[in-house]
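Open your viewer and get ready to click along. We will go from stop to stop, selecting one thing at a time.

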Amino acid sequence: MEENREGYGFVKILSIWIILFVVLALLPSIFRVSLGISHLYVKIIIKVLEWATLQIEEGVKKQKVLALENLISTGIIQREETSMEKEIAGHRRGHFSLADAMYFSKKGCEAVAEDEVTWRFYSEELVSWNLLSRTNANLHNVSWQLTIVWVFGILIRYCLLLPFRVCLTLFSILLLVFATTVVRQFPNGRVKCWLSNQVQMMCAALGVRSLGGLVHFHNRENRPQGGGICVANHTSPLDVLILASDGCYSLVSQTHGGLLGLVLRSCMQTTQHVLFERSELKDRHLVRKKIREHIADKAKLPVLIFPEGTCINNTSVMMFKKGSFEVGGTIYPVAIKYDPCFGDAFWNSTKHSFVTFVFNVMTSWAIVCNVWYLPPMVKEEGEDAVHFANRVKAVIAARGGMSVLPWDGGLKRKKVKESFKEEQQKKYCQIVTENGSMGNGSVC
Amino acid sequence: GEIKKETGFSHSQITRLYSRFTSLDKGENGTLSREDFQRIPELAINPLGDRIINAFFPEGEDQVNFRGFMRTLAHFRPIEDNEKSKDQNGPEPLNSRSNKLHFAFRLYDLDKDDKISRDELLQVLRMMVGVNISDEQLGSIADRTIQEADQDGDSAISFAEFVKVLEKVDVEQKMSIRFLH
């Protein structure tokens, strides 16, 4: 009798859990209706984090623990913005001086102490602790109240949110595979297209919710139309998910193995995506040809491209590769900005595997982000692709509040091209050999 | 503690630079190799990048530890007024005018024989201008520079001559990096 009752009680709890699950999470996500629960949750987290920041500041005043001094992530050095001309030449153009090496050595050592590029490939340093263990710097010892909140936070995140999110993810992947297989059976036609679009959006929305995402879309009237190219800054694979939950796109991406590859391949069944190997990407003509064919057909979905080519940590927008801007067609820029204090969406692919990344995302508080759809842009007459790319880049960076860097995202893995060094040399040479002073006319 | 005394950096600066050191140390073995430096894009495009990287490494070695890292960066600390008068008996601080000049001298002096020969000057000049100037023109620049600086007629620039040529130059400003506290 005892066992029966226990067993019965267990089943009852399970069924309540399932009902709650379906009503509160699954159905709203599928039909993209918001119950306001996530918003409330985020507000609570914000309040908690603000309280934590105050606690930490008080703790700094009281204890003066040296480790806390590094909490504020200001830079190491302060650079003066001078140009090569000003520093080297001054009033003495056209003349080489032994002191010129000093300028280069100073610039070089400044770069050693702190440079603009390498830190963009690591997660952003937070201004204040966000109560996650991974960003902890022994801060949980500041006060006992903070420690309690921190431990409580760990319990909530790992024991409540994580299982919930894992369930949701599993369910959404199953649904995706099942639904795409079903839709594939339909005869080709408008019904099939519409269905596959709905399936895609639904699964993406579920996916976003299952990773704890809370997205605010702005300016939805500018959403990309068929036959265009959608361009966005890249921070993580979540970008794709987030955009896909609000519209249907054809992806241009490199092939992945493992879990991500499985998801990609399921999507391939019903929609046209363009997938490459990274090494094949070198064959730019092939890429361009495929994209051009795709956008020529207005009935096809807009193409989604991330011109940076790799994940950057969302503090800046790096060089846009000009390939997507040479093809023609209308460009729809989209700016995506994550709020770092709830969780880090940046995927450092050199450090973490995809599964580790997903685990980190699921055990953060949430992923809160803003997506701005920007008005479409077209290449102007006589404008070359690089200039156009920079124009689009500036617009996206301005909207998202990120800085603009001329450096190539490929520097994450590769070395700098020699041509940049040659540019520097050329510049210096122009200063040193001003015409007339050296006699032999223009050599530079 | 010792590093602080030797280099003059404050505690928080040392901590911050230490985390910079570890982030550059991809091999995670507590030392930096030349490749680690070359991974910094802004340094890689610097025409004198290789010479600067060389300045970090002690004679004949391929690894630099944190102490060496700090010592080299210490040359670029701005000179503070209160340091000039105190401690006349102790060793000269790393960021003194003389030591800054010495650092610049070593950038030119490729074989470390305390003299900048015409060849060495040519090589460094070549690094700075790339392929944009002919050998002839570069040679004449080098000759002129040595002529102006050379006082003892050995067609090479010694450290004393180097200092003399640059005595009007504001070395402190040209070779100081403003480190934040």
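Before the first selection, one term: a residue is called buried when its relative accessible area is under 20%, with protein chains alone counted as cover. Keep in mind, too, that you are looking at a predicted model.

**Stop 1: a helix in chain B.** Select residues 49-56 of chain B, which form helix α5. Which residues of this helix are buried? They are B:G49, B:R51, B:I52, B:I53 and B:F56.

**Stop 2: where the chains meet.** Colour chain A and chain B separately. The size of an interface is often given as the accessible area lost when the parts come together. Here chain B and chain A bury about 5200 Å² between them, and 65% of it is on carbon and sulfur atoms. In total, 60 residues from chain B and 53 residues from chain A make up the contact. How many salt bridges link the two chains? The count is zero, while four residue pairs are in polar contact across the interface.

**Stop 3: a patch on chain A.** Finally, select A:F178, A:V182, A:F186 and A:V191, which make a nonpolar surface patch of about 370 Å². One of them, A:V182, sits in helix α5 (residues 144-185) of chain A. A:V182 counts as partly exposed because its relative accessibility is 35%.

Definitions and conventions. Residues numbered from 1 in each chain as written. Chains lettered and ligands numbered in written order. Predicted model: local features only at pLDDT ≥ 70, side-chain atom pairs only at ≥ 80, totals over all residues. Heavy atoms only, no water. Patch = residues over 30% accessible without salt bridge, like charges linked within 9 Å, V, L, I, M, F, W, Y side chains within 5 Å. Areas by Shrake-Rupley, 256 points an atom, 1.4 Å probe, with all protein chains shown as cover. Salt bridge = Lys/Arg side-chain N within 4 Å of Asp/Glu carboxyl O. Helix = DSSP H or I, 4+ residues; strand = E, 2+ residues; numbered from the N terminus. Buried < 20%, exposed > 50% of the residue type's maximum accessible area, 1.4 Å probe, protein only. Contact = heavy atoms within 4.5 Å. Buried area = accessible area lost by both parts, 1.4 Å probe. Polar contact = N/O pair within 3.5 Å; in protein donor to acceptor, adjacent residues only side chain to side chain.
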